[in-house]
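Let's walk through a few questions about this one. Have a look at it first.

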Amino acid sequence: MDQSHITKEGIRIHVREDFAGMRKAGAVASQILDEVGPLVRPGVTTGALDDFITRRVEELGVTSATIGYRGYEHASCISVNHVVCHGIPGDKILADGDILNIDVTVIVDGWYGDSSRMYVAGKASIKARRLIQVTHDALMKGIEAVRPGATFGDIGAAIQTYAEGHGMSVVRDFCGHGLGRVFHAPPNVLHFGRPGKGPVLEEGMFFTIEPMINLGRPETKVLADDWTAVTRDKSLSAQFEHSIGVTANGCEIFTGSDRFFPDLG
Ligand code: MF3
Ligand code: CO
Ligand code: CO
């Protein structure tokens, strides 16, 4: 990472100082996800959670990456139960046992911090707990595969093997992405694949890993609002997302927190 450049696959190789920028952006996204946790309970609306996130983004003096992004109008995506991703916050009132992903992306000094986690309103069912645990652990299996010389296929294969080994399915229709001074950049980070396939990882690459795992089948559809993606079979879906940077020995997680894994009730 002596000099910033772009690989033949269009992936930016960042330099040491760039890690400091991502560290700060990731920490702000994580802080907001930490802070919203105690507000998640039965009776609250997803819109109220998003209002809190909008307010904290303003108070912290950072910028929401999602407000105004391709016409999206909110500071978070909140995806409840069978919603896979890109759920639009609104009037929906959370009920006891609902599981939800909250996804926040902020821009801090020009750097993008993108993270999402699962939360539970009240007490989760056994099957919901199992889905949340397996999805979290699948993300961590993907992250463990990250080091210079490994491939993006190694990451996808680690996630897929783990999730399918637990009888769950990996969503194919959405993927992780490069990021940095931009929100979405090459490569597409697939959460399934074959070891050894795909671009080779290099120190200085920044990207997200954000597997969406379903209890049922992997197929999704997007609702008429053009954002909300749901499982076609209405099965429960979960997702966790970290922004990471490839280091000499492995990776740095920019969006870590000791509260990343939720209280399951
Ligand atoms: N944060 C999402 C991601 O992980 C993107 C949300 S775009 C929005 O890439 F417009 F739906 F907010
Ligand atoms: Co992302
Ligand atoms: Co995100």
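Q: Where does E241 lie relative to strand 15 and strand 16?

A: This is a predicted model, where local features need pLDDT of at least 70, side-chain atom pairs need 80 or more, and totals for chains, interfaces and linings use all residues. Numbering runs from 1 along each chain as its sequence is written, chains are lettered from A and ligands numbered from 1 in written order, and side-chain values use heavy atoms, without hydrogens or water. Strands are DSSP runs of E, at least two residues, numbered from the N terminus. Strand 15 covers 237-239 and strand 16 covers 242-246, and E241 sits in the loop between them.

Q: Is E241 buried or exposed?

A: Buried means under 20% relative accessible area, exposed over 50%, partly exposed in between (1.4 Å probe, protein chains only). E241 counts as buried because its relative accessible area is 0%.

Q: What is the largest C-alpha distance among the "binding site" residues?

A: The unreviewed UniProt entry puts that feature at D103, D114 and E241; such annotations may be inferred rather than shown by experiment. They're spread over 139 residues of sequence but cluster in space, with a largest C-alpha distance of 8.0 Å.

Q: Which side chain makes a polar contact of 2.9 Å with that of D114?

A: D114 is in strand 7, residues 111-120, and is buried at 2% relative accessible area. A polar contact pairs N or O atoms within 3.5 Å; within protein, one must be able to donate a hydrogen and the other to accept it, and sequence-adjacent residues count only if both atoms are side-chain atoms. At 2.9 Å, the partner of D114 is T105.

Conventions:
Helices (H or I, at least four residues) and strands (E, at least two) are DSSP runs, numbered from the N terminus.
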